[in-house]
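Me: I have a model to go through with you. I want each label checked against its cut-off.

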Amino acid sequence: ICLNQAGFYPSAAKIAVVKGTRNDGPFYITATNLRDTLFRGVLGAAKQSLNSSTKTRIADFSNFNKAGSYVVLVPGLGHSYVFRIGNKVHDGVAAAALKGFYYQRVSTPLQEQYAGKWHRGAGHPDTAVLVHPSAASASRPAGTKLSLPGGWYDAGDYNKYVVNSGITTNTLLSAYEDYAAYFKQQNLNIPESGNALPDVLDEVLYNLRWMLAMQDPNDGGVYHKCTNASFDGMLMPGITRAPRYVVQKSTAAALNLAAVAAQASVAFRPFAKQVPGLSDSCLQVAKKAWAWAVQNPNVLYEQDNMNKEFEPKVTTGAYGDRNLVDEWFWAATEMLAATGDKTYAAKVDAGMAAAASLPSWNSVAMLGMYRLAKQAKSAIAKQYAAPAKAKIIAFAESLLPAQQRNAFATIMGQSPRDFIWGSSAVAANQGIALLKAFQLSGDRKYFTAALSNMDYILGRNATGYSFVTGHGSKTPMHPHHRPSVADGITEPVPGLLSGGPNPGMQDKCGTYKFNEPETAFTDDDCSYASNEIAINWNAPLVYLASALEAIND
Ligand code: G3I
Ligand code: 9MR
């Protein structure tokens with residue numbers, strides 16, 4: 001019996017899914033003593049999943065809305081985990097997902113008063129990062145030492161990638177822009193809690209300062225990543241002393257930094273007292289990165305080619321996007337919003353024709369649509385708001401019909417193609433698109449649909465896992481996350497979103513029990529393809545959970 005293991009808002013749709021079709025009679029909502037029956041329903045018709053051989057029946061108890069803790073009981077089968085009905089059922093997940101970023105901080109010790117039993121020493125200092133031969137320039141020859149401390153570890157590995165930091169930081173800043181009041185009252189118990197910045201901006205700042213430093217001030221170009229030559233072993237951060245490098249500059253990195261720095265210049269502008277000069281520096285950096293990209297419009301990061309030419313070979317994550325049309329578009333929308341300058345309009349025009357699609361690290365056009373639909377202060381930007389809004393709503397609308405056919409009654413899983421590396425983030429990003437449509441249209445059906453994907457992430461899925469570490473009754477205990485593997489603590493670092501089912505199973509881990517799209521998941525630390533964690537997956541979880549809380553409030 002699969003359900004959202006955190007719970008349900010009193011007025012929301014409430015669905016549990018019974019796997020298998022043998023039971024077809026009544027089901028009950030009982031108190032946690034399994035005796036006091038509070039609601040009786042009848043299981044729905046058998047459904048064949050679109051994404052595996054699984055068959056299900058749906059237990060719909062939406063009409064039951066009394067606050068409390070309960071289980072779903074199916075005679076002859078058993079009962080579900082305990083769940084709650086109440087307001088704020090996702091408040092804890094929202095905070096934990098954002099706190100997850102604190103645990104990913106690279107160059108700072110995590111003190112016990114903030115990190116609890118997961119306290120640890122500082123990770124990589126990154127104060128003497130070497131310029132890799134692929135990145136050598138006249139002013140910074142190979143071997144030059146750069147100071148690039150801070151930022152978040154990308155994932156279960158210990159490297160820092162500008163491209164993936166881009167969408168991540170954008171998503172967190174957008175969450176703040178869209179639901180500022182919610183974030184202003186949030187206390188994450190991080191070292192900066194209690195200062196005049198909302199915690200979400202303090203956390204973003206920790207990464208932003210590193211991103212800004214990835215620009216070469218001599219020419220405005222941006223190094224693609226700050227990395228070890230090869231992945232560190234499964235050890236605590238700060239233990240290994242392998243040299244760190246910046247590799248070649250890339251257009252994708254320049255455009256990601258331009259977009260994020262432009263967005264940050266707007267977001268931090270009201271906080272001139274707390275972070276003097278930051279907004280202006282961000283805009284300077286953004287303009288210089290853009291100018292570099294204009295001069296170098298299609299410098300791809302092709303790691304294999306780079307390794308044919310330069311030593312040492314670099315074998316860490318590539319984030320090697322080959323199509324930059326969407327990066328140009330996104331960066332142009334942020335530059336336009338931050339400056340109102342019509343020089344950026346040409347690239348916006350060029351990107352407007354594309355159909356809206358789900359955002360991911362290598363497909364960011366939708367981030368530009370979100371920007372255009374929202375922030376239109378200047379006359380030149382205003383003209384794009386209506387078409388962008390129409391595209392976002394059309395995209396959200398296209399997600400809706402599959403929920404009826406879906407054996408788990410979620411938006412996630414409208415087709416097997418939803419189950420890619422990091423599928424949990426597909427669910428979360430669909431949720432964001434739906435909430436954007438809700439914000440733009442006021443139509444509650446999009447909110448309801450987004451909530452179904454929160455249900456997916458927290459347990460109403462074919463694996464039965466809540467994919468957020470530490471949040472739910474059945475959660476990943478062995479994520480591919482170096483600190484969680486190496487720290488000797490039973491529970492993994494909390495608030496991290498596991499990648500989720502991925503039939504690609506590229507890790508060739510031996511413990512997958514199932515291999516169909518929605519079941520190809522194994523809670524094993526060898527499984528980086530289904531059970532790693534990553535900042536670009538956690539960020540949409542932060543957005544989704546926080547927005548649901550803010551809207552339901
Ligand atoms: O773009 C193609 C698409 O055209 C094709 O239809 C599809 C079919 O499989 O594949 C698509 O490429 C995939 C690509 O992601 C883009 O989605 C690859 O198969 C897939 O292997 C690739 O996975 C990426 C993975 O790194 C391996 O490169 C993940 O998106 C990405 O999240 C993951 O990121 C890693 C970093 O490299 C290192 N740090 C950890 C992080 C998370 O695991
Ligand atoms: O730990 C790495 C993980 O963060 C990446 O997502 C993954 C794919 O690039 O690679 C992992 O590292 C593995 C490497 O690719 C192959 N040897 C085993 C490494 C992990 O144990």
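Me: Which residues have the most contacts inside the largest nonpolar core?
Reply: Phe268, Leu435 and Ile457, in a core of 149 residues. The model is predicted, so local features need pLDDT of at least 70 and side-chain atom pairs pLDDT 80 or more, while totals for chains, interfaces and linings use all residues. Residues are numbered from 1 along each chain as its sequence is written, and side-chain values use heavy atoms, without hydrogens or water.

Me: What makes a set of residues a nonpolar core?
Reply: Its members are buried Ala, Val, Leu, Ile, Met, Phe, Trp, Tyr or Cys, joined through side-chain atoms within 4.5 Å. A second, separate core has 16 residues, including Phe27, Phe64, Tyr70 and Val74.

Me: What is Ile457 in contact with, beyond its neighbours within four places in sequence?
Reply: Among them are Ser424, Tyr465, Phe467 and Leu541. Contact means heavy atoms within 4.5 Å.

Me: Why is Ala353 called exposed?
Reply: Its relative accessibility is 69%. Exposed means over 50%, buried under 20%, partly exposed in between (1.4 Å probe, protein chains only). Ala353 therefore counts as exposed. Ala353 lies in the loop between helix 10 (345-352) and helix 11 (365-374); helices are DSSP runs of H or I, at least four residues, numbered from the N terminus.

Me: How do you know that His480 makes a polar contact with ligand 2?
Reply: A polar side-chain atom of His480 lies 2.6 Å from an oxygen atom of ligand 2. The cut-off is a pair of N or O atoms within 3.5 Å, so the pair qualifies. For Arg482 the distance to a ligand 2 oxygen atom is 2.9 Å, and for Glu532 it is 2.7 Å.

Conventions. Chains are lettered from A and ligands numbered from 1 in the order in which they are written. A polar contact is a pair of N or O atoms within 3.5 Å; within protein, one must be able to donate a hydrogen and the other to accept it, and residues adjacent in sequence count only if both atoms are side-chain atoms. Helices (H or I, at least four residues) and strands (E, at least two) are DSSP runs, numbered from the N terminus.
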